[in-house]
Amino acid sequence: MTRKPFRTALAAGTAAVLVAAGAACSSNDDDGTVTLTVGLFGDFGFGPLYEEYMEANPDIVIDERISEFADHHTSLTTHLATGAGAADIEAVEVGYISQYTASPERFHNLFDLGAGELEDQWLDWKWQQALSADGEALIGLGTDVGGMAMCYRTDLFEAAGLPVERDEVSALWADSWRDYVDVGHRYLEATGGAYYFESSGNMFRAMVEQAEQGVYDREDNIIVESNPAIGEAWDLTVEAIDAGMSNGLEAWTPEWNASFSEGTFATIICPAWMTGYIETNAPDAAGLWDVAAVPGGAGNMGGSHLVLPAQGEHAEEAYAFIEWLTAPEQQLKVFEETGNFPSTPELYEDSALTDLTKPFFNDAPVGAIFTDAARSVQPQYQGPLQGDVLATLGQGLGRIEDGSQSPDDAWAQVMNDLESF
Amino acid sequence: MATATNSPETKGRAASAGRPVPPGPWRDRLHRLDLKASPFLYIAPFFVLFAAFGLFPLAFTAWVSMHDWSLLSDEQVFVGADNYTALLTDPYFWNALGNTVSILALSTVPQLLAALLLAHLLTMRLRGQTFFRMGMLLPNVASVVAVAVIFSQLFGRDFGLINWVLESLGAGRIDWQTGRASSHAAIAVMVAWKWTGYNTLIYLAAMQAVPKDVYEAAHLDGASRLQQLFRITVPMIRPTIVFTVIVSTIYGLQIFAEPQLFGGAGPNGVTGGASRQFQTLTLYLYEHAFNRGFQFGYASAVAWTMFAVIVLIALLNYLFIRRIRSDS
């Protein structure tokens, strides 16, 4: 008789293990509060805003999860496909947004939640990036845009006998990227071969983003081979690599991070969000960096949207929150905090934005510089695998940079790789 | 087991002795069922879990591998062996296989030899024996990601410690990531650093089971320490060596975190460098499963091909290592 309880316990234990293994996890908010999870890549500078929102809405709790840039979109796609695991609110970078607008059924349609009347709040092209192909569904609200500028090291420019004043520097390459590379030749001669920029991939991408047409046409065909703008950008970049201008750093690697404070290169293409990275990575270099205009006119590089995956249960609460979070007042606070530039044009008239200067960048009037950049952006169509196509091209340039391939071989391999897309 | 099966019988007999009526057929059948079924029930949890989390995914992966199965679309078309033929004709697959085998050889061979020597040293009388033995296991406790991140910085091109040392010794800097051989060496170092101590302890345990009198006899015959190691110890711990070789092979063929983190957070982390110079098989699988297109069908075909490759190489290693006895 004594063994019975033991056996019952064993059976119960086994059953418990099996049930636990099979059970799905679910979050309930029995006490009446709603927990909204926010999935971001990197720090968006939302921290103080969460506090503010939770104070005004005591029944809302906000829980932020931050992951690496590359992992973020991979796991978001997996979570969307498997129907579980996504946060209530997810950030999507512009290189990936068209991949998601292609399947709007996986997201809450923000038109149903009342976003329709807000259209005028955003830059037109920013709004359209989050629209489905038929225009019936809106999957996200814009956070920042990446109007481009050019950051440069004043001390290195001075040592090379180049102008240091930001307007004069802008004038050096006001006309084209051709001029930018010519200044590079001068810089190399004067310094005896110091690096002019950090990575050729970044320079190439900036040129492509400025072109009227990028790597996709409007029918979603990859047009890398036939688009003359891309061929020209490639050739000019190869010229710069051959001359030895590139530091050959890959973005987001530890070497890349360290190079900012070491000052191993003189210029870097600076979308608004990049200023924040420079400040964090090179805290000792305050006053040494400055911001000038980017060569070749305006263009957009990066920027994000906040989307609501359809699997999220708290659509209304989440929508109310992102509507508040992406409103001009909050975008301005984020800009002051991180440098991420607002996507809402009404701020572009606001002196709180246009008069903003950054002490780190020699008191450069970043507000005015990025306002001009964002205003003059001509939107470019982004195809579904935009980010991957650009990465493939960037790797081709990387192979030239590290000496493992000739420019012709690298181009041939890029074409070959793109065929499998 | 014996007590569990005996107890109902004795209990049944006692009950029948106390009462004149024989036990009903229902009770009898229950007892027999208990005898037959209980043992299976006791071992069931393992098999149920294994079926759910081992066997089913394995079979399902085989099923998926025969489809054009993308995570992004709801339509899955049966394509038979197409994924496998595409895989076997993809030069990037063969490149990844070559890299994997190269990294495996570079990490496993020195690692196991070093482990053998270290274990041999640890059998000797040393001061602070326990300290050294425990210290061996410390690298293994560190997380793979931490190890890979730190070593990636050590092997950095511009600001890495190793290049700094090389330069101050008068040797030139090495761009560890760019070269095929240098990147394989860097990754092999990360693997060896983590696993050498672990294998040392396994060898040490096996060596302590070797009878002392064999060594004494060898010592009287004038055999040196090193001769004792290769003539006595190695043949006598052969089963353990076979075990470590096979386990290291299986682990080494699935290396993922080290090359992925070595490549950085950008696209090079997925393709194993801009020229795919250190893309391993698992990284190749990851590229197709969790990047553009999310081609789970193709990635499943990679997984099954990897399985075949691992079985094949482990088998070859086993046959090779078995020769140890005939040599001695």
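Modeller: Before we start, helices are DSSP runs of H or I with at least four residues, numbered from the N terminus. Please keep in mind that this model is predicted.

Biologist: Happy to! What is the phi of the residue that follows H14(A)?

Modeller: H14(A) covers residues 328–338. Next comes Gly339(A), with a positive phi, near 95°.

Biologist: Seen down the axis of H14(A), within what arc do its buried residues fall?

Modeller: The buried set is Gln330(A), Gln331(A), Val334(A), Phe335(A) and Thr338(A). They line one face of the helix, because their directions, viewed along the axis of H14(A), fall within an arc of 145°.

Biologist: Which elements do these buried residues of H14(A) pack against?

Modeller: Packing counts pairs whose C-beta atoms lie within 7 Å. On that basis, the partners in chain A are helix H2 (47–56), helix H12 (272–281), helix H13 (315–325), strand S9 (341–342) and helix H15 (351–354).

Biologist: Now for a helix pair: are H8(A) and H10(A) roughly parallel or roughly antiparallel?

Modeller: Helix H8 (residues 177–191) and helix H10 (residues 228–243) of chain A have axes that come within 11 Å and cross at roughly 5°. Angles under 35 degrees count as roughly parallel. That makes H8(A) and H10(A) roughly parallel.

Biologist: By class, what residues make up the contact of H8(A) with H10(A)?

Modeller: From H8(A) come Trp177(A), Arg178(A), Val181(A), Gly184(A), His185(A) and Leu188(A). H10(A) gives Leu236(A), Glu239(A), Ala240(A) and Ala243(A). Sorted by class, the contact has six nonpolar, two polar and two charged residues.

Biologist: On the side of chain B that touches chain A, which elements give two or more residues?

Modeller: The contact takes 27 residues from chain B and 31 from chain A. Elements giving two or more on the chain B side are helix H2 (25–64), helix H6 (144–154) and helix H13 (268–271) of chain B. By class, that side has eleven nonpolar, twelve polar and four charged residues.

Biologist: How many residues of strand S4 of chain A are buried?

Modeller: Burial needs 20 or more other C-beta atoms within 10 Å. Strand S4 (residues 140–153) is largely enclosed by the rest of the structure, because its buried residues number 14 of the 14.

Biologist: Which residue of S8(A) is the bridge partner of Gly142(A)?

Modeller: S4(A) pairs with strand S8 (residues 300–307) in the antiparallel sense over five bridges. There, the partner of Gly142(A) is His305(A).

Notes
Residues numbered from 1 in each chain as written. Chains lettered and ligands numbered in written order. Predicted model: local features only at pLDDT ≥ 70, side-chain atom pairs only at ≥ 80, totals over all residues. Buried ≥ 20, exposed ≤ 12 C-beta atoms within 10 Å, placed from the backbone. Arc of directions from axis to C-beta. Contact = placed C-beta atoms within 7 Å. Axes fitted to C-alpha atoms, helices over the stretch in contact; angles between N-to-C directions. Parallel < 35°, antiparallel > 145°, perpendicular 65-115°, else oblique. Nonpolar A, V, L, I, M, F, W, Y, C, P; charged D, E, K, R; others polar. Pairing = 2+ DSSP bridges.
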